[in-house]
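Student: I am new to this structure and would like to get to know it step by step. Could we look at it together?

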Amino acid sequence: MAGLGEPGSPEDDDGGRQNLLLLVQLRWIAVAGQVVTIAVAQVGLGIALPLGPMAVVLAGLVILNLVSLAWIARGGGVTEGTLFVALLLDVVALTVQLSLSGGATNPFTSLFLLQLTLAAVLLSSQATIGLVALTTAALGVLMLVYRPLVLPPGDSGELLRLYLVGMLVAFVIDAALIAVFVTRISRNLRRQDARLASLRQRAAEEDHIVRMGLLASGAAHELGTPLSSLSVILGDWRRMPELTASPDIAREIEEMQEAVGRCKAIVTGILLAAGAARGEAPHLTTVRGFVTELVGDWRRMHSCFCLEVRDEFGEDQEIVSDTALKQVVFNVLDNAFDLSPNFVELAILREGDTLRLSVTDRGPGFAPEMLARLGQPYTSSKGRLGGGLGLFLVVNVVRKLGGTVEARNRSYGGAVVTISLPLSSLTV
């Protein structure tokens, strides 16, 4: 697992801490198992063991666990080197215990395989090879330097029977611990891979937004001058008596001015949605004041009174009016209006410290594949080339504010899109 716990990677650190916690749990099992095994050998089988030195090793493992738990509780980073040292200390402790109880003739030497299996799952190939070399060297030392077991008087057949029983017990322990802990470690690694995949997806989406922002900025600069020129010319026409004398011409000039104004608003909205001008001219207002202004502007732009407002917010609260958030709600309302021109409902609710804005329509609803890919670019049911960016921008802008976007179909027709935002992100 190369790169585990690289500096500046909180996701890797979290996965490393989870894996170190698993090693701590395994070490507690090892301590308890060694205490039981020593007691059975000393008391049950009458085998004399050096209890003092073996107790020192057990105390060292307990201290190592306490230090590891304290490090995890403090949120310390866990790198691949940390896990390598932890496994190496376990190998050293096992080597010392085996050297005090028969060396390589002890059937519990097979427990080295557990450490090597964990290393193969947790560490890079180079670190695993290093631990394999050290473990092999430790086993070679145990063949030369060890304290022979002092067995009670008996026949040689009893010694063989004890060795076979020990091998069986060691195999059961190895198999059980490998099955349990490798499965849990693999689950941690899969969870970490899923987080990394999500981060890569988010980075790709944000890069897409940056490119859209640059494109929108260029388009705004290109369109800004001709739109301003048209606005000035139309303003001059409204002051010319020969044109204003005709009511029909005067009305058409007024309609043209409104169309130019809407074009400017659309260009500004593109900039805001793409993030190029987020946060321009924010001002203090309240939740109800923000919604009232938003609804009024949307109705004027669409010359439509099909929008119904359901207010269940409760006590009003002061917030900062953000034009980007306003554009986000506009986008959701526009999508609902396109599919349900006769009815659109905007509901404002409060759940604890969360503001919920729900837009309901009576259209055909979302296709299942659209709900599954909600917020991904170019996912649209309208069949337009390049469509499907509306909800993509909505989801990303809301995510920047610390909120979420949910969509669902109603059982009796239509759909509901809910924007949930922490009020703390909108207050001073």
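This is a predicted model: local features need pLDDT of at least 70, side-chain atom pairs count only at pLDDT 80 or more; totals for chains, interfaces and linings use all residues.

Student: Is valine 145 buried or exposed?

Tutor: A residue counts as exposed when its relative accessible area is over 50%. Valine 145 has 56% relative accessibility, so this residue is exposed.

Student: Which residues form a nonpolar patch on the surface, and about how much accessible area do they have together?

Tutor: Valine 145 is one of the members. The patch is formed by Val141, Met143, Leu144 and Val145. Together they have an accessible area of about 450 Å².

Student: How far apart are the C-alpha atoms of proline 53 and valine 96?

Tutor: Start with proline 53, which belongs to helix H2 (residues 51–73) and is partly exposed at 40% relative accessibility. Valine 96 is 43 residues away from proline 53 along the chain. Their C-alpha atoms are separated by 9.0 Å.

Student: Why is the pair of tryptophan 298 and phenylalanine 337 called edge-to-face?

Tutor: The count comes to one aromatic pair. The ring centres of tryptophan 298 and phenylalanine 337 are 5.6 Å apart. Planes over 60 degrees apart count as edge-to-face, so this pair qualifies because its planes stand at 85°.

Student: Which helices hold these two residues, tryptophan 298 and phenylalanine 337, and are they buried or exposed?

Tutor: Tryptophan 298 is in helix H9 (residues 287–302) and phenylalanine 337 in helix H10 (residues 323–339), so the pair ties together parts that are 39 residues apart in sequence. As for cover, tryptophan 298 and phenylalanine 337 are both buried.

Student: Which residues form a negative surface patch?

Tutor: Turn to helix H8 (residues 247–274), where glutamate 255 is found. Glutamate 255 has 46% relative accessibility, so this residue counts as partly exposed. The negative patch that includes Glu255 is made up of Glu252, Glu254, Glu255 and Glu258.

Note on methods
Residues are numbered from 1 along each chain as its sequence is written. Side-chain values use heavy atoms; hydrogens and water are left out. Patches are made of residues with over 30% relative accessible area and no salt bridge: like charges are joined within 9 Å, nonpolar side chains (Val, Leu, Ile, Met, Phe, Trp, Tyr) within 5 Å. Accessible areas come from the Shrake-Rupley method with a 1.4 Å probe; for residues, only the protein chains shown count as cover. A salt bridge is a side-chain nitrogen of Lys or Arg within 4 Å of a carboxyl oxygen of Asp or Glu. Lys and Arg count as positive and Asp and Glu as negative; His and the chain ends are not counted. The place of a charge is taken as NZ of Lys, CZ of Arg, CG of Asp or CD of Glu. Helices (H or I, at least four residues) and strands (E, at least two) are DSSP runs, numbered from the N terminus. Buried means under 20% relative accessible area, exposed over 50%, partly exposed in between (1.4 Å probe, protein chains only). Rings of Phe, Tyr and Trp (its six-membered ring) pair if their centres lie within 6.5 Å; planes under 30 degrees apart count as stacked, over 60 as edge-to-face and the rest as tilted.
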